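Notebook open, model loaded. I wanted to look up the ring pairs, then the cavities, then a bit of strand pairing.

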Amino acid sequence: MKREQNFRRAKKVIPGGVNSPARAYSRVDVEPPFIEKGEGPYLYDTAGNRYIDYVNSWGALIFGHAYPAVVEAVRKAAEKGTSFGAPTERETELAKLVREAFPSIEMIRFVNSGTEATMSALRLARGLTGRDLVVKMSGCYHGHGDSFLVEAGSGPATLGRPNSPGVPKVLSRKTITVPYNDGQAVEEAFDRYAGEIAAVILEPAAANMGVVPPIPGYLQKLRDITEAHDSLLIFDEVITGFRVAFGGCQELYEVEADLTCLGKIVGGGLPVGAFGGRAEVMNHLAPAGPVYQAGTLSGNPLATAAGLVTLQALKEKNIYRKLDRRTEFLTTELENFARELQLTLQIQWLPGLFSLFFTESEVTSFEDAKRSDNQLFKKYFEQALSANIYLPPSPFESNFISLAHDDKILRKTLRILKEILNQL
Ligand SMILES: *Cc1c(COP(=O)(O)O)cnc(C)c1O
């Protein structure tokens with residue numbers, strides 16, 4: 001079936017035709033392909049097209065689609081039952097693997113999505129400190145929890161306002177939003193609200209405004225400020241965990257968080273989120289402690305099976321070097337080509353993810369990212385889709401490379417993208 005027809009039918013029974021807004025392609029003028037299957041680096045739609053996929057389920061897939069070890073593990077697990085709502089050995093095994101990757105995590109709790117992970121981590125931080133305020137950064141995304149759907153108030157370091165109807169105003173006033181990569185702004189927030197801030201939460205390398213790495217010293221500064229104020233530092237590594245390195249940004253930048261949120265890759269493509277930290281912190285969670293958090297399907301056998309084989313496979317030697325080298329190859333080639341053409345284009349990347357900003361200078365904040373030329377992006381996106389390259393449909397979403405994207409796939413992608421850039 002053609003995508004227009006599919007989308008029309010879907011919109012009759014699902015709001016906007018999708019179960020998560022980004023899938024609706026609102027920022028571009030095309031209708032979203034409906035997917036029939038995935039295989040390695042490819043997606044196949046219901047109209048018979050095969051795309052090279054640079055979304056990879058928004059970063060959840062690091063080995064590509066239908067990775068045989070994951071499929072086999074899920075099949076085997078399913079044969080023995082899909083949910084028990086009771087403890088299993090595999091949950092302990094997965095917890096131990098995560099702990100190996102992240103030295104700052106002694107204990108971890110599994111949930112069903114990144115949203116649940118950040119919401120629960122924040123509740124834990126509030127419960128532990130007895131404080132209500134949280135500091136977040138504009139341009140970072142932490143899922144759709146009420147405390148995160150908040151925009152900055154007027155003036156620096158002021159209390160926030162809802163950025164979605166349905167978020168209580170009183171709750172939005174508990175969130176302070178400051179610019180990303182601005183340690184001074186966080187300091188000001190702590191000066192102003194001394195003793196009231198439970199936690200600072202951020203993507204240690206931002207990937208939801210395009211790829212925006214932390215400037216040197218930024219993460220350490222946040223570490224120092226939060227420590228000085230007995231406040232918790234929460235790293236949302238839902239994207240970066242197990243992607244930029246086995247131990248995420250904490251391995252890459254050598255700064256440790258008090259609480260780490262995980263999602264996407266940790267579930268091997270099944271619905272999983274997790275949050276973890278030191279035992280003394282995590283033991284405040286029910287039933288060990290007073291902070292309530294629960295989930296009927298949390299730690300379910302299919303999800304833990306997929307997560308476990310994925311993390312085991314990621315422990316193989318040199319796997320992150322490979323991912324790093326491939327991302328570097330693709331982005332450097334594109335960058336050189338853009339320079340030859342004198343295109344206004346910034347390419348920013350970390351191992352396994354990258355983004356293109358159609359703007360003059362390096363992007364270090366959401367303000368910078370918003371200067372990117374949306375018209376150019378739209379053209380680039382639409383032409384790529386016509387040429388069967390499946391890119392994220394927004395300049396603020398990152399492109400993801402999987403280990404199924406071998407040199408041949410990357411070279412083919414380059415050939416097509418260069419042609420498109422040449423015609424922009
Ligand atoms: C995707 C994402 C989330 C939310 O995860 P869901 O599984 O979509 O709820 C949270 N934080 C970051 C950094 C993300 O990229």
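Aromatic pairs came up first: I count twelve of them in the structure, where rings of Phe, Tyr and Trp (its six-membered ring) pair if their centres lie within 6.5 Å, with planes under 30 degrees apart stacked, over 60 edge-to-face and the rest tilted. This is a predicted model, so I kept local features to pLDDT of at least 70 and side-chain atom pairs to pLDDT 80 or more, while totals for chains, interfaces and linings use all residues. Numbering runs from 1 along each chain as its sequence is written, and side-chain values use heavy atoms, with hydrogens and water left out.

I looked at Tyr25 and Phe381: centres 5.3 Å apart and planes at 80°, so the pair is edge-to-face. Tyr25 is in the loop between α1 (3-13) and β1 (35-39) and Phe381 in helix α13, so the pair ties together parts 356 residues apart in sequence. Buried or exposed, Tyr25? Tyr25 is buried at 4% relative accessible area, where buried means under 20%, exposed over 50% and partly exposed in between (1.4 Å probe, protein chains only). Phe381 is buried too, at 0%.

Next I checked Phe102 and Phe242, also edge-to-face, at 5.5 Å centre to centre and 80° between the planes. Phe102 sits in the loop between α3 (89-101) and β4, Phe242 in the loop between β10 (232-236) and α8 (248-253), 140 residues apart. Phe102 is buried at 0%, and Phe242 is buried at 0%.

Ring pairs also link Tyr25, Phe358, Phe377, Tyr380 and Phe381 into a cluster.

Then cavities. I found two of 30 Å³ or more; a cavity is a set of points on a 1 Å grid over the protein atoms alone where a 1.4 Å probe fits but cannot get out, and lining residues have an atom within 4 Å of a point. Points are joined across faces, edges and corners, and a volume is the space filled by probe spheres set on them. The largest holds about 60 Å³, and its lining includes Phe377 and Tyr380.

Last, strands. I saw β2 (residues 42-45) and β3 (residues 50-53) pair antiparallel over three bridges; strands pair if DSSP finds at least two bridges between them, and helices (H or I, at least four residues) and strands (E, at least two) are DSSP runs numbered from the N terminus. Tyr44 stands opposite Arg50.

Methods:
1 Å grid on protein atoms, 1.4 Å probe; cavity = no way out; pocket = protein on both sides within 12 Å on 5 of 7 lines; lining within 4 Å.
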